Amino acid sequence: SVYFIQNVIESWINRSVDVNKKIQRLVLPSGILDNPENRQYLTPEVNRLFRITSELSMISEDVKKIPH
């Protein structure tokens, strides 16, 4: 749901490790890759719904900037 996507942090806080693993697999289906030399944490893929929600949010902000 949109609420879950917008409030995933709230869904994460105070949950069991098992629930957090499920949330992590949902949000980051390919997992997290780390590069200890550069201290970077990367993911090759984000769940499509989260990506679309982010893109729509950016478009909405751009539309708000257009003078009416």
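I note here that the model is predicted.

I then looked up the box along the principal axes, and the C-alpha atoms fill roughly 45 × 30 × 20 Å.

Next I went through the secondary structure. I found four helices and two strands. Read from the N terminus, the order of the elements is α-α-α-β-β-α.

I checked how the chain contacts itself. Taking contacts between residues at least 6 apart in sequence, I noted that 12% join residues at least 24 apart.

I turned to burial and surface. Of the 68 residues, 15% count as buried. The accessible surface comes to about 6000 Å², and carbon and sulfur atoms account for 57% of that surface.

Which residues make up the largest nonpolar core? I listed six: I5, V8, I23, V27, L28 and F50. In soluble globular proteins, nonpolar side chains tend to be buried together.

What is F50 in contact with, once its neighbours within four places in sequence are left aside? I wrote down F4, I5, V8 and V27.

Last, I looked up the charges. The protein carries 9 positive and 8 negative side chains. The centres of the two sets lie 5 Å apart.

Conventions. Residues numbered from 1 in each chain as written. Predicted model: local features only at pLDDT ≥ 70, side-chain atom pairs only at ≥ 80, totals over all residues. Heavy atoms only, no water. Buried < 20%, exposed > 50% of the residue type's maximum accessible area, 1.4 Å probe, protein only. Contact = heavy atoms within 4.5 Å. Areas by Shrake-Rupley, 256 points an atom, 1.4 Å probe, with all protein chains shown as cover. Lys, Arg positive; Asp, Glu negative; His and termini not counted. Charge placed at Lys NZ, Arg CZ, Asp CG, Glu CD. Core = buried A, V, L, I, M, F, W, Y, C linked by side-chain atoms within 4.5 Å.
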